[in-house]
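Please read them with the structure open.

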Amino acid sequence: MPENEIDWPAYLREFHTAAPGSTEALLSRAVAGDHTPYRWLVRAVSGEARRVLDLACGNGPVARELYGRWVVGVDNNPAQLAGAPGPKVQADALHLPFANEVFDVVTCSMGLAVLQPLPVVLAEAARVLRRGGVLAAIVPAVRPLRRGDIRTLSGLTTRLRSTPQFPAGGEITELKDKLHHAGFQVLESQRERYVYLIRTRDDAQRLVNALYLPGTPEGRRDTAAGWLADRAESKDGLEVAIPIRRITAMRTKLALTGT
């Protein structure tokens with residue numbers, strides 16, 4: 001299915017209603033050293049931050065990592081939101097139901113690759129952040145990868161006969177420019193290679209279930225999961241790489257032309 005023909009809002013609504021928490025189930029088991037992507041994200045949140053907005057919060061993995069802080073979760077999917085802890089609001093990221101400059105930090109785990117149009121989402125995040133507040137986000141990346149990672153990922157896409165997609169593409173292009181135009185100063189942009197370990201068919205199915213694969217028949221998903229499980233069994237475990245980029249930016253003004 002060509003990307004420009006995908007009805008992303010409808011696809012995402014159906015995907016996350018049918019399998020709420022599928023992304024979180026995968027990423028909470030992906031590790032790099034001593035941390036998951038969610039733990040890496042919250043390490044960018046200052047210990048002095050008291051009011052945190054978790055944008056596109058899903059079932060709340062970021063809020064759980066920030067246990068003890070005041071975190072408000074926002075998501076537009078009620079099935080996802082039902083599993084989130086603490087205060088939560090069902091709302092559209094394009095029209096956040098909050099006053100200006102009320103949060104110290106806005107976090108977003110993978111949502112910037114999904115929420116569209118991104119410039120409007122970033123402008124809303126800037127609006128609800130106080131001056132000097134921070135946006136901390138993780139997004140999909142295409143690197144770092146090792147040679148063996150590429151072989152595994154190529155074999156997976158061959159059996160799916162498709163490539164996992166995001167509304168924003170495989171990696172968000174010109175993200176720094178978009179942040180600048182929304183009134184942010186980029187503080188850091190780092191990349192990390194996370195590893196998801198497959199030992200069983202359930203592990204393999206969890207990975208495949210978390211992928212956005214518009215138009216891919218269920219049979220191909222099952223074939224791909226079976227191939228991953230067979231490789232894992234023959235190797236006593238199979239590592240699948242998940243490259244992630246973390247970016248943090250400070251809100252300096254409401255827009256490029258603002259004050």
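1. Basis. This is a predicted model, in which local features need pLDDT of at least 70 and side-chain atom pairs count only at pLDDT 80 or more, while totals for chains, interfaces and linings use all residues. Residues are numbered from 1 along each chain as its sequence is written, and side-chain values use heavy atoms, with hydrogens and water left out.

2. The sheet. Seven strands form an open sheet with mixed pairing, in the order S3-S2-S1-S4-S5-S7-S6. The edges are held by S3 (88-90) and S6 (184-198), each with a single partner strand, so one side of each has no neighbour in the sheet. On average, neighbouring strands are turned by 20 degrees against each other, direction ignored. Strands here are DSSP E runs of at least two residues, and helices are H or I runs of at least four, numbered from the N terminus. Two strands pair if DSSP finds at least two bridges between them.

3. The parallel part. Strand S1 (residues 51-55) runs parallel to S4, joined by four bridges. One of these links valine 52 to valine 105 in S4. S4 also pairs with S5 in the parallel sense, over six bridges. Here valine 106 has leucine 135 of S5 as its bridge partner. How many residues of strand S4 (residues 103-109) are buried? Seven of its seven are; buried means under 20% relative accessible area, exposed over 50%, and partly exposed in between, with a 1.4 Å probe and protein chains only.

4. The antiparallel part. S5 (residues 129-140) and S7 (residues 238-251) pair in the antiparallel sense over seven bridges. Valine 134 has methionine 250 of S7 as its partner. S6 and S7 also run antiparallel, joined by 14 bridges. Among the partners there are valine 186 and alanine 249, the latter in S7. S7 is mostly covered, with 12 of its 14 residues buried.

5. Arginine 246. Look at this residue in strand S7. Is arginine 246 buried or exposed? Arginine 246 has a relative accessible area of 8%, so it counts as buried. Arginine 246 is also the bridge partner of isoleucine 138. Its side chain makes a polar contact of 2.7 Å with the side chain of glutamate 188. A polar contact is a pair of N or O atoms within 3.5 Å; within protein, one must be able to donate a hydrogen and the other to accept it, and residues adjacent in sequence count only if both atoms are side-chain atoms. The arginine 246 side chain also reaches the backbone oxygen of tryptophan 40 at 2.7 Å. Residues in contact (heavy atoms within 4.5 Å) with arginine 246 include Leu41, Arg43, Ala44 and Gln190.

6. The helices on S6 and S7. Helix H9 (residues 201-209) lies across S6 and S7, at about 150 degrees to S6. Helix H10 (residues 218-235) lies across S6 and S7 too, at about 110 degrees to S7. Axes are lines fitted to C-alpha atoms, for helices over the stretch in contact, and angles run from 0 to 180 degrees between N-to-C directions.

7. H9 against H10. Their axes come within 8 Å and cross at roughly 135 degrees. That makes H9 oblique to H10; angles under 35 degrees count as roughly parallel, over 145 as roughly antiparallel, 65 to 115 as roughly perpendicular and the rest as oblique. Residues making the contact include Ala204 and Val208 of H9 and Ala225 and Leu228 of H10.

How values were computed. Lists of a residue's contacts leave out its neighbours within four places in sequence.
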